[in-house]
Amino acid sequence: MNTNDYIALEEEYGAHNYHPLDVVIERAEGVWVTDVEGRRYLDCLAAYSALNQGHCHPKIMEAFVAQAKKVTLTSRAFRNDQLPLLYKMLHDMTGYEMSLPMNSGAEAVETAIKAARKWGYTVKGIPENKAEIICAADNFHGRTTTIVGFSTEEQYKKDFGPFTPGFRIVKFGDIDALKSAITPNTAAFLVEPIQGEAGIIVPPEGYLREAARICKEQNVLLICDEIQSGLGRSGKLFAFEYDNIRPDMVVIGKALSGGFYPVSAVLADNNILGVFKPGEHGSTFGGNPLAAAVACAALRVLADEDLIAKSFELGAYFMAKLRAIDSPHVKEIRGRGLWIGFVLDTPARPYCIALMNEGILCKETHENVIRFAPPLVITREEIDWACERIQKVVYAIH
Ligand SMILES: *Cc1c(COP(=O)(O)O)cnc(C)c1O
């Protein structure tokens, strides 16, 4: 079978909820992937930051295989010997008192919403069924019915209603809008420290710091969705560190497993996550021993290979090189760490296709933005290699 055969099969028998580039990947290692024709590409998307540690990292692979041979799933009806180690590791790395494991990012966001509501009723004293959660415009928190209900992106929500009530939208980066949206019934403010899917939008300096202050003052929980921005992507363990804050809840996923397996979690202190009592929330696969072993290995790789500092340094290097590309079509280059939005004044997809033909895989986000977010194990030489090709493509398209 060749590329076209695989594409034909997929188009015929798969639901068409994606519009992928026509590259059929067969294997991958580190920052490089190989397609079924034997062509190699540098992966500049890293599965939306699930692959911060690089493809098929040998240390994570080892943990994955070893655990798969021992026990993979117990359900939470019984305990397993891996989950406690993940709890301890998350606590030691982040300073939060406890965590709650789930699978996908959306499930962890749902978990944070449930925790915030329950906290609102049982701790803050919000009247029954009146809890409100404030979200930012242009957010991306996943694809469940509740979550798309508070999206402002028409495409994510059209024809999927009716939606869960109790959410309010404020402009991202606008502190006065947040202030005036808070009522006595507000349980939480849910926000991405940097909006990834919206096009790597970094809020104005001090926004999160001020938001954290107001939330504290008004007894509102601040929930940061670090599913994409976290675990080194932004050049810090968490992007909220740029504002020197400590959110009440943090949602993580994606790179928590280094791309091997869906693993997500909510981090918070006992006064918040402690609201869940036995039987009130759960997941068959959440916290399974395979997920826990993989997540521990993935976190260990981040630390052992100093990937967070690498993201910070190489991100600045990559961004400076991109800024040196002089083209009237390039409007802005923004981001933090190895998480870069390359903003064009024209649709980005033709650029992504041209880049693919040059051996670089990346994806447009929104119409006009290319996201460059390679695995954090990328080297300076590989960034140089990529920038030569990016420059060539940008100069060729006029
Ligand atoms: C990817 C993502 C999610 C959803 O994660 P899934 O694993 O796809 O459910 C939620 N929030 C942010 C910021 C994300 O980038």
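1. A residue is called buried under 20% relative accessible area, exposed over 50% and partly exposed in between, with a 1.4 Å probe and protein chains only. The model is predicted, so that local features need pLDDT of at least 70 and side-chain atom pairs count only at pLDDT 80 or more, while totals for chains, interfaces and linings use all residues. Residues are numbered from 1 along each chain as its sequence is written, and side-chain values use heavy atoms, with hydrogens and water left out.

2. Rings of Phe, Tyr and Trp (its six-membered ring) pair if their centres lie within 6.5 Å, and planes under 30 degrees apart count as stacked, over 60 as edge-to-face and the rest as tilted. This rule gives eight aromatic pairs. Among them, Phe140 and Tyr156 are edge-to-face, because their ring centres are 5.7 Å apart and their planes stand at 75°. Phe140 counts as buried at 18% relative accessibility, and Tyr156 does at 13%.

3. Phe342 and Phe372 also form an edge-to-face pair, with centres 5.6 Å apart and planes at 75°. Phe342 is buried at 0% relative accessibility, and Phe372 is buried with a relative accessible area of 0%. Phe318, Phe342 and Phe372 make up one aromatic cluster.

4. Pro203 is buried at 13% relative accessibility. Beyond its neighbours within four places in sequence, Pro203 contacts (heavy atoms within 4.5 Å) Phe172, Gly173, Pro193 and Ile194.
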